[in-house]
Amino acid sequence: MTAVASSIPPTWYLLLASAVFCIGLFGVLTRRNVLYFLMSVELMMNAANINFVAFALYYGDLTGQVFALFVIALAAAEVAIGIGIILVLYRNFGTTDVTVPAEMRW
Amino acid sequence: MVDAFAYVPAIVLLPFFSFLVALGAGRYLPKGGAFGGIAATAGSFLLSIWVAATVAGGRAYNETLYYWAGEGGAGIGPTDIELTFGVLIDPLSALMLVIVTLVALLVHVFSLGYMNDEGETGLPRYYAGLGLFTASMLGFVVADNLLMAFMFFELVGLCSYLLIGFNFREPGPPSAAKKAFLVTRFGDYFFLVGVVAVFATFGTAQFAGPESFPALADAALNGSGSVAWTPGGLELGTWLTVVGLLVLGGVVGKSAQFPLHTWLPDAMEGPTPVSALIHAATMVAAGVYLVARMYGFYVLTPTTMAVIAFIGGFTALFAATMGLVKDELKQVLAYSTISQYGYMMLALGAGGYVAAVFHLTTHAFFKALLFLGAGAVIIAMHHNEDMWDMGGLKSKMPVTYYTFLAGSLALAGIFPFAGFWSKDEILYEALVHGLNDPLLLGGYVMGLLAVPVTAFYTFRMVFLTFHGEPRSDTARDPVPVRWNVKGPLTVLGSLAVVTGFINMVPVQKVLGLEGIDLLHLWLDNHWGGIEGLSSHHYADIGPYSSAYLVGGETGTVLVGAAVSLGLALLGLGLAWRLYNVASPTEHTAKLGGIKDVLYNNYYLDELQVWLAYRTEDVAGGANTFDQGIIDGVVNAVSSVSLTGGGRIRQLQSGVVSQYAALLTFGLVALLLVLGATGGWFL
Amino acid sequence: MVNGLPGVTALLPALLLAATGLALLLVDTVRPDARSNTSMAIVGAIGSLAALAATVWLTASGGVSPDGGAVSLFADAIKVDTLGLFFTAIFASVTALVLVAGHDYFDDHTNPAAFYSLVTFAATGMALLAVANSLAVVFVALEMVSLPSYVLVAYLKQNRGSVEAGMKYFLVGALSSAIFLFGISLVYAATGSLILADIASASIEGLTGVLGVGIVMMIGGVAFKTASVPFHFWAPEAYEGAPAPVSAFLSSASKAAGFVVAFRVFTEAFPLEMAVSANVDWMLAFAILAAVTMTLGNFAAAVQEEVKRMLAYSSIGHAGYALIGVAALTVDGPANGTVMGAAMAHLLVYGFMNTGAFLFVAMAERWGVGRTFADYAGLWRRAPVASVAMAVFMFSLAGLPPFAGFFSKYFLFQAAIDNGFVWLAGLGAINSVVSLYYYSRVVKALFLDDPASPSALDAIDVRPTALYAAVVFAAVATVLLLPGFGPVIETAEAAASALF
Amino acid sequence: MILEALMAAAFVGALTVFLAPDEWAGRLAFAISLIPFVGSLYLWSGFEAGGNALLGGDVAYATQIEWLEVGGRSVSWFVGLDGISLPLFVLTTFLVPLAILSAWTPVDTRQSQFYGLMLFMEANLLGVFAALDFFLWFVFWEAVLVPMYFLIGIWGGPRRKYAAIKFFVYTNAASLLMFIGFMSLVFALGDSVSSFALPEIAQAIAAGGLGEWFGIAPDQVALFAFLAMFLGFAVKVPIVPFHTWLPDAHVQAPTPASVLLAGVLLKMGTYALLRFNFTMLPNQASMLAVPIAAIAVISVIYGAMLALAQKDLKRIVAYSSVSSMGYVILGLIVFTEYGVGGATFQMVAHGLISGLMFMAVGVIYNTTHTRMVGDMAGMADRMPVTVGILVAGAFGYMGLPLMAGFAGEFFIFVGSLSAPALPYAPVFTALAMFGIVIVAGYLLSAMQSTLFGPFELETDYEVGPAAFHDVAPLAVLLVAIIVLGVAPDIFFEMIRDAALPVVEGVTIDG
């Protein structure tokens, strides 16, 4: 396993992570439903995690992996908060479409 | 013994105090402070006599009394200059002091009658004005340098403004006052430039002494000295001519010479005594006096002399012609004033320094006399000045008539009255010097032509006013005048008769009597004076040489005198024929088209008004430009910024996914910029 | 310096804030009824002031380290130095002001309790951020600041504006933190460390591009916190929609928190020499951001109708000014320390004047007068003291004497000029002229204009004492900081110079 | 410490008056404003400093206290007076009490605020003339804007808000430009200066301390700095074409504010020009002598022409101020003792005269409630004393000898006609001098149509003479103008002394 992981050149991890990140970003830009928006953001964060884990392995220090765990926890917290906000949003605007609440502008 | 010169400042200050008194306490004093003024001018008069006597005693005085600014010398580039006040007493200024104080005194006395009979309200203001006027003029007379002279020159202008505009509740006087100040101001602009130029050129503006600017100029011209500065490689002679002409601008303005004479006739809006003061002894005299004062500078530059002479001659004739057709008493006198000062300028330009001063003296007396006489008539006529409403006053007011007649004869230049001697000498000087100088000769011719015209309008005035049948009710029953009017008239009348005898040059020349040309001797430092300020000195450094007609000097004298007297009598006779009848009529119609031209003063006023309006148009244009373009740009900047802000805020569309897109876009852009500059992707 | 104390004492401010937050929760649980408002305000204020006191004490006494320098804790993950303490002071003071003001603002709110604890926890996160020496700590602390902020913005659950603001803030925030995180991961990939010092010393062969992209993405994260272009979009809405005290908190403290990251991380992890040698010219990036940000903020602010939204844009503009502190840097430039120190000083002054301004708006909202300039017309008649205070804030924000904003702004400009960034200073000058225009509009409304109708101001019936106190205190501080500017600028300069 | 005491008196006085009830705010403010005046007279009597404070001369009543240090350069509380600043200092303390008196009649709302602001402004104005440290000076310089903004904006005429904001923003923009210019100059000096003290900086420049700055040659830096500062101050002076804020501000401002605006605020601009541009960078100045002189002449003539076109008395005086300031610029650029000294003297003279004019117009306005030339006539009939003084003041404005205005202008002309530092000096001087004719033109016309002739005015009340406390300040000003005109040396002496080093600073080539 470790052998396998280390046999793959780090560049590929970078590419993978970047790919995942871009997918997430694409979702953010295209999806109007706030939940999808949220998930896409999660995807972007996990792309970062891939890097951390991979390069922790590459450099052989644990900081990256530990930090990845932190990130996961924070992401969870963020989602929790997000859901809460989405709830009140739905109560007030009766929708989860992010483009609808645009009363404040300019 | 106590030194009279120590009291010279008092001569100036006494009237000034009367000004303060009248201004401050006038309304509590009888006659609005008149007596204060009389006392002050009387005091000044006596002091002036004393000063003159001292000068006659062979002494003169040239002291700097007060450092106005720049004590110790402040730099203007290479030169250090001081700005000072001082007193210069020489025969010329001593004589002038006497004249001014005397006329001022008489005018004050006369005013008692003239103003108070009017039940005038603003008397304190009036006497304050007279006091300040006298004080300024006296300060100008004793000034020992050009700057001080300019200062008091300006103050004289201010006073004329205040006095001409005395009846400010009527529309006329304020306008006349404004015109008087503005036109003279225009001349004074050149004068001021001239003063500054003198300082820049010589580093001093003293009139007298080895360090005076005429002396320095003389030295520089004959190579024994140099000046501190001449602009941009200008040749010295040329530059001095320019300076002289610049100063002359002020003279032309104040002495009402062509083309800046237009203010003077309007100035008749002022009370008549003021007119007497202005025309006889103060404001108008100031110009001529200035030229005489710095004559030593003018004689150095022939061009300037010629210009002065020509302007003078032309003005003499030009103004006289306009006097022909006027209907108001004072208007005629006004134009006669312009004309007479033209003679003086002619004299100065012709090198007739003494002649000019002589005429200044005689004219001061007979013109004051004429104005006061006119004043008396105007009192009698209930302030109606139209000569066509008068007539036949001869019998009603004999004193006025005979004094007025004396003055008129003097003005017309009839032997043996004062005017004859002085005018004759002027023409003589112009002739003998003019024979070598065509321009000067032109001046002489014009001066000569003016003689009959003068005589004509003078006696037209006399006849219309005093002779014939009364042409109105007021003329039939005029208001009697009192001692305070008759007194001054008598004094001046007698002076108008006798003043001529102080300088009977023709008699001297013809009969070969020595020492009766008192004024010549006086101005030639015969009894004393200041080196470099004598008529001989002027003649020596002057540009002119004399030439004579048949019969040499004596012959020329006789011919000249005969011609001018003859012409005068000719004019007188014509006036007699036309107007000395029971009920005279207008003869101006005979002049045809010329009449309108003369009535309208050759349309010079129109021209100046037109110029004023054009200036206002330019100003209006400038204003539009200022509001439209310059301020427009300023406001445009703000509006542009605000529109820009309006555009920018459009970015904030309110839709969050657009924010996400823009944000990503921005980030990518940043990436590209840095990537490009850093060259990462290579 | 203070001997014989454990190094962890250096964290006293952060710990005190955390403790306060917990204490507030305790109070809330003990007395779950809403009337605990006052007591919570008091507790919160005391706690934050204690934190402030601790900070000042630490700064004055030269820290707890034997050599008087920085204290490193937890394997260099945390580094307490003057820079951190300086910013902690800002956070603590703003928190105190906001908590006090909150008492009146949430007076009639059903459940004010959470407000206090959330603010305090956010402040804790900021205090931690100020001393974070590792990208990991930076990110965690950043989230500690962000998550409560999202909730605070959406605090008024029944208010559409507040909710919309919260939503936008949250979404943009989540996106930004994701980008920031990815940036960190790339930096980690390129250097193999998260400790700033190690990153600086790491050798990057051939990974310039990765590092560069990572850095730019981190810039993005910073830009979000500091509400700078292009991550500013949330700010106008969030500040406008959020409860005014929260807007004050975000626009002053949270912004400063973003700047502490910028100042410390970029100078420590990517020193100027390295940035130049590795062709990762983040100073240029910040310069561009500064220019665009100040221009956009000020020009957009000039055309607003609502005071609160104007302040929101103006705070974007001020972010642009402060960015000069990380933009106008050159390798061993004469004034690197000065320019960054001036930026820090500006943030401190800004903490007072901007908070005060927003709190005045809070007061207006409490009174129920409208939100636009026109609604403020003639307010001085009913509230002279507060109006004078507002005038002080406005002139100070515009950089006019005799108020502290004058020095902070002009020292910033002069330092930029000293470093040769005349163009930035010039742009700043143009912007501050524009800002003078719209700030003076507020003063004009307050003092020059007459109320639309005589009854227009009758809405003002309550006298929110605590709000008044907070506003007046902020005003006094804004004035006194002009004569007392010496210690501020000198401390800031010293702290900043230590980074180069 | 006496300077500080005077400023503090004004400042504390301002706070006191703010809190005082409206009923006696005016009297209180007047009483307080007398303290700085008396104090400044004491300063004047004891003044014997020689030379120019910036160029190594003595600094009278100096105090220097380190304030703070930024970027290795110290900012200090550094105040003091020399022959140039003392007259302006006295002018300020002299004008403020009179301006306060002139406010008693017209100002009837929010009085305590009004008088408080007046005193606050005085404190800052005194600071501007006394400060010798750049940042200290700049604090006062900018702080002056704030009270003026309120004075115009609250108590002004119909378009007061527009005028206030225009004045506020325009002049502030100028200050920023000037700031950048000066800073680049300071930093080009590098380590040769260790503080923002103006004397140190000026002497460092004179000693050739200017170095290369980010690859820009010293001369370029100096030139840039000169231009930036010149433009910055040109707005304040104001010099054409940066003058358009002035008429708006003047016409809208209440009389007392106009008095201070024309009397002192404009002088801030010329004072700063003298202190910064012409004292610190004389050679750049003489390099640009011809264009600057041209601007000066244009200001004189163009301003006068604009005044000629106005119908509002206040606008007339406002534009004529632009004209008069042109003379000052001309005097400064010629770099002769009479020129620079005369320019400084003219600052004081014009301060008094324009103050008098605005006050007199204000007094008339109080009764007529109009300033339009067409709306009234023959005012002399009803308000003889006021009109008398107004006429006197007008003649002072026209440069009547033995009044302060003539002295100032004549010094400038004498200094400029043959100035070696200015090419074509005679031409410029002669052109500028023609202003004295135009000024006579518009003032006399305006007076003729408003003051003289039969009395006309549409009112429903009896028009009578003005109250004593309205006329008194006019009379006092007139006396001061005449005294200064008869004995200019009471100021000119010390001014010359301080101006000479400035003149010697310029090197004339050829």
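Analyst: **Chain B and its contacts**

Where chain D meets chain B, the contact takes 45 residues from chain D and 42 residues from chain B, two residues being in contact if their C-beta atoms, placed from the backbone, lie within 7 Å. This is a predicted model, in which local features need pLDDT of at least 70 and side-chain atom pairs count only at pLDDT 80 or more, while totals for chains, interfaces and linings use all residues. Residues are numbered from 1 along each chain as its sequence is written, and chains are lettered from A and ligands numbered from 1 in the order in which they are written.

On the side of chain D that touches chain B, at least two residues each are supplied by several helices, among them α13 (289–309), α15 (337–368) and α22 (489–505); helices (H or I, at least four residues) and strands (E, at least two) are DSSP runs, numbered from the N terminus. The largest share of this side, 7 residues, comes from α20(D). By class, this side of chain D has 31 nonpolar, 10 polar and 4 charged residues, where Ala, Val, Leu, Ile, Met, Phe, Trp, Tyr, Cys and Pro count as nonpolar, Asp, Glu, Lys and Arg as charged, and the others, Gly among them, as polar.

Chain B also meets chain A, in a contact that takes 10 residues from chain A and 11 residues from chain B. The side of chain A that touches chain B divides into 7 nonpolar, 1 polar and 2 charged residues. Chain A is more spread out than a compact globule, because its radius of gyration, taken over C-alpha atoms, is 18 Å, well over the 13 Å that the globule rule (2.2 Å times the number of residues to the power 0.38) gives for 106 residues. The C-alpha atoms of chain A fill a box of roughly 55 × 25 × 25 Å, taken along the principal axes.

Within chain B itself, the domain assignment gives domain 1 (1–186 + 204–218 + 263–294), domain 2 (313–586) and domain 3 (595–651), bounds of this kind coming from an automatic or database domain assignment. Between domain 2 and domain 3 of chain B, 4 residues of the one are in contact with 4 residues of the other, and the side of domain 2 that touches domain 3 has 3 nonpolar, 1 polar and no charged residues. The centres of these two domains of chain B, taken over C-alpha atoms, are separated by 51 Å.

One residue of chain B can be followed in detail. Tyr114(B) has its place in helix α3 (residues 91–117) of chain B, and it counts as buried because it has 26 C-beta neighbours inside 10 Å; a residue is buried if 20 or more other C-beta atoms lie within 10 Å of its own, exposed if 12 or fewer, and partly exposed in between, with C-beta atoms placed from the backbone. Not counting residues up to four places away in sequence, Tyr114(B) touches Pro271(B), Thr272(B), Pro273(B), Gly375(B) and Ile379(B). Of these, Gly375(B) is 261 residues apart from Tyr114(B) along the chain, yet their C-alpha atoms are separated by 7.2 Å.
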